[in-house]
Amino acid sequence: MRILNILCLIILISFNSALYSQTPKEYALQVINKLTSPEFSGRGYVDDGMKKAANEIVNQFEKIGVLKLGDSYFQTFTYPVNIIEDCSLKINDKQLTLGIDYLVGSGSPSLKGTFKPLPFNTAVIDSLFEWGDRSYFDLEMQRLNHKPVVFPDVRFIENLSTRENTANQFYREIPQLISNGELEEINIPLAIEQTSSRFIHSLSPVQTSTVNLFINSQSVPENIDEVDIDLKTNFDPKFESQNLVGYIPGERSDSLVVLTAHYDHLGKIGNTIFPGANDNASGIAFLLSMAKIYTKEKPKFTTFFIAFGGEEAGLKGSQYFVAHPLIDLNKIKFLINFDMVGTGEEGIQVVNGKEFPKQFNLLESINYKYNYLKEVKTRGSACNSDHCPFYNKQVPSFYIYTLGGKSGYHDIYDNSVSLYGYNQLIALIRKFLDNL
């Protein structure tokens, strides 16, 4: 028994030594590789991907030594979301690959069958804006009503006039106007948009009556004559997600520092996974890296670590936390949100830098003194990540993302990161927080 205890102690010491001997970058890569693996299904809505990711992050909290508030790390909330579960698509008897050849609109309902779509007559757009007469457009919509429609990838000439630009924009928006029900009495079950633009996936809080398909023009350069689709979707009015909240005591507890990042992503559709390495496995890795450091070296201020769910669905987790705060928002000395910090070749961008010039000047001066990053750039406020609900409650806050390098965004190619200057960014943030 004594030998067994000694062996267990040796294993524990070895584990802790490995846990803390890594550089922040080495540990971050380990976290990112784990969270982007097929095990977590894109940290979304199929195969419990988001829930599995939450449990993995909580396991890391426990291993590192991040403390719970009360008896749990979890703060549960719900929100509506349209879940696209699977899709098989053939066009002109050619099997297409999701994420490469096509993408499904986020609000699409289920649909199965073979369809022969009608082409949209793009000439009516010119007549609409040339003469200000909508009758041709309305006639075209009546011709297409209740039928599947193809919107061809129209290549407008360069140096467009104001009228042509307006026509171009309106034409691009027609499928969305139909899907949202903004064209009265027009119901098109299948709207197919041929496009040369890159695919950017998203989420929808509603399910519409129209299936939107975006088709890569290079994948299907010919006319679309026949569509064979088997699309399975599921609208969940109360999808359950969790915020993950923990803390590490600091030398001072009169004020709090809060570090945040979202862990959810877009999930998977069938066998196609949206990995979300930069967005935002990198931000979660940053939080965990800081937590590892602060369990060894006590921070100046008690520091909270919040990993939000539901960010990709519209900042749902951070909005819920601010409406149901587990800490006193008035005690937050400063909050930094990390979202897409997986590159860094060109430095960092600081959202809200112009809103909090004193704190930004401190951050910039530290970077200049120690030459950590190539550049620390500033911009004004923007409600584009989880800092926003806190900022709207007058909580001093930054949102930091890295610049330069190559990374996908809301697509299947966001599967790796460079973490350029990652250790230096960690050092910069530590010195900044210590000097607040």
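Two strands pair if DSSP finds at least two bridges between them. Helices (H or I, at least four residues) and strands (E, at least two) are DSSP runs, numbered from the N terminus.

The model is predicted: local features need pLDDT of at least 70, side-chain atom pairs count only at pLDDT 80 or more, and totals for chains, interfaces and linings use all residues. Residues are numbered from 1 along each chain as its sequence is written, and side-chain values use heavy atoms, with hydrogens and water left out.

**Exercise 1.** Describe the open sheet that contains β4 and β6, and find the residue opposite P119.

Solution.
- Step 1. The order of the five strands is β4-β9-β8-β7-β6, with mixed pairing.
- Step 2. At the edges stand β4 (102–104) and β6 (118–119), each of which pairs on one side only.
- Step 3. β6 runs parallel to β7 (residues 149–151), and two bridges join them.
- Step 4. Opposite P119 stands V150 in β7.

**Exercise 2.** Find the parallel partners of strand β11 and state how much of β11 is buried.

Solution.
- Step 1. β11 covers residues 252–262, and eight of its 11 residues are buried. Buried means under 20% relative accessible area, exposed over 50%, and partly exposed in between (1.4 Å probe, protein chains only).
- Step 2. Strand β14 (residues 301–308) runs parallel to β11, joined by eight bridges. H262 has F308 of β14 as its bridge partner.
- Step 3. Strand β15 (residues 332–338) also pairs with β11 in the parallel sense, over five bridges. Here V257 has F334 as its bridge partner.

**Exercise 3.** Compare the span of helix α11 with its expected span, then locate its buried residues.

Solution.
- Step 1. The expected span of a helix is 1.5 Å times one less than its number of residues.
- Step 2. α11 (residues 422–434) has 13 residues, and 18 Å is expected at 1.5 Å a residue. From first C-alpha to last, α11 reaches 19 Å, close to that value.
- Step 3. Its buried residues are Y422, L425, I426, L428, I429, F432 and L433.
- Step 4. Seen down the axis of α11, these buried residues fall within an arc of 160°, so they line one face of the helix. The arc is that of the directions from the helix axis to the C-beta atoms.

**Exercise 4.** Describe how α2 and α7 pack.

Solution.
- Step 1. Two packed helices are described by the angle between their axes and the distance between the axes. Axes are lines fitted to C-alpha atoms, for helices over the stretch in contact, and angles run from 0 to 180 degrees between N-to-C directions.
- Step 2. For α2 (residues 24–35) and α7 (residues 277–296) the angle is about 135°, and the axes are 8 Å apart.
- Step 3. This angle makes α2 oblique to α7. Angles under 35 degrees count as roughly parallel, over 145 as roughly antiparallel, 65 to 115 as roughly perpendicular and the rest as oblique.

**Exercise 5.** Is each of D47 and N352 buried or partly exposed, and in which loop does each lie?

Solution.
- Step 1. D47 is in the loop between α2 and α3 (49–64). Although D47 is not a glycine, its phi is positive, about 60°. With a relative accessible area of 42%, D47 is partly exposed.
- Step 2. N352 is in the loop between β16 (347–351) and α9 (357–370). N352 is not a glycine either, yet its phi is positive, about 80°. With a relative accessible area of 0%, N352 is buried.
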